[in-house]
2 protein chains.
Amino acid sequence: MGIKGMLLVGHGSKLPYNKELIETTAELIARKTNEYIVKPGFMSINTPTVEEQLEAFRKENIEMLVVVPLFLARGVHIDKDIPEILGLPEGSRRGEFQLNGKTIPLVYANPIGSDPLLAELMLKNAADAIANLQP
Amino acid sequence: MGIKGMLLVGHGSKLPYNKELIETTAELIARKTNEYIVKPGFMSINTPTVEEQLEAFRKENIEMLVVVPLFLARGVHIDKDIPEILGLPEGSRRGEFQLNGKTIPLVYANPIGSDPLLAELMLKNAADAIANLQP
């Protein structure tokens, strides 16, 4: 099996926190696995944009591109804007991506959504806040 | 140790997905632990509001109230609006909460932020999307 590409899509924000979150998470993912080349891209305000990162992936020798939105839940970006950029019909999760003279599968993943791992994260944040209470 | 309250704060949205996410996550947390009474509350559009759930917690026999924002990253809601509702000075993470004639500690937790668990969630969403590729 060759390596896959992961485009981690962030919303973007005038404040620095969304960009920091997406970039740091991309680094954490890259450190956890050798399965993917990970690149963060933004829907608005911040750069690199999603379009710029798609272009960057065309130069990589990947066998599949997975687009993973780092959004909490579905909305207009997830259901309309991102599929449009990816050339996917609304509601479709799979398409094709052109590298240098090669066509590979493109897969569009779900946003975070309800997940036991998210519940665990909230419990961790609560426990951390309580632990910090002690002077 | 008595039981604690957890107010899980959501952004709220005209679309149904944010509300679903916050409510389902509150249920998942409640199923995972007996440590907390969990109530979801929203900053805008959806109900119950954060203010309504604070009132609801005044009737519970809890020893501490932990306010956990289910937001990806810091922003105006996290830094200004929620602390204002909680009566916390900006930047402060701890205050007091009045029950029936009793004062208990109030703790304000961080939003999701960069976390190895979030990286894991993204890898899981990517793997699920690839698994669904098979016809």
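His77(A) is partly exposed, with a relative accessible area of 21%, where partly exposed lies between buried (under 20%) and exposed (over 50%), computed with a 1.4 Å probe on protein chains only. The structure is a predicted model, in which local features need pLDDT of at least 70 and side-chain atom pairs count only at pLDDT 80 or more, while totals for chains, interfaces and linings use all residues. Residues are numbered from 1 along each chain as its sequence is written, chains are lettered from A in the order in which they are written, and side-chain values use heavy atoms, with hydrogens and water left out.

His77(A) is found in helix 3 (residues 76-86) of chain A; helices (H or I, at least four residues) and strands (E, at least two) are DSSP runs numbered from the N terminus. Not counting residues up to four places away in sequence, His77(A) touches His11(A), Met43(A), Phe71(A), Ile82(A), Pro83(A) and Tyr108(A), contact meaning heavy atoms within 4.5 Å.

His11(A) sits in the loop between strand 1 (4-10) and helix 1 (17-32) of chain A and is partly exposed, with a relative accessible area of 34%.

Between the chains, helix 4 (residues 116-131) of chain A packs with helix 1 (residues 17-32) of chain B at an angle of about 70 degrees, and their axes are 9 Å apart. Axes are lines fitted to C-alpha atoms over the stretch in contact, and angles run from 0 to 180 degrees between N-to-C directions. The two helices are therefore roughly perpendicular, a class that covers 65 to 115 degrees. Helix 4 of chain A contributes Pro116(A), Leu118(A), Ala119(A), Glu120(A), Met122(A) and Leu123(A) to the contact, and helix 1 of chain B contributes Leu21(B), Thr25(B), Leu28(B), Ile29(B) and Lys32(B).

Definitions and conventions. Angles under 35 degrees count as roughly parallel, over 145 as roughly antiparallel, 65 to 115 as roughly perpendicular and the rest as oblique.
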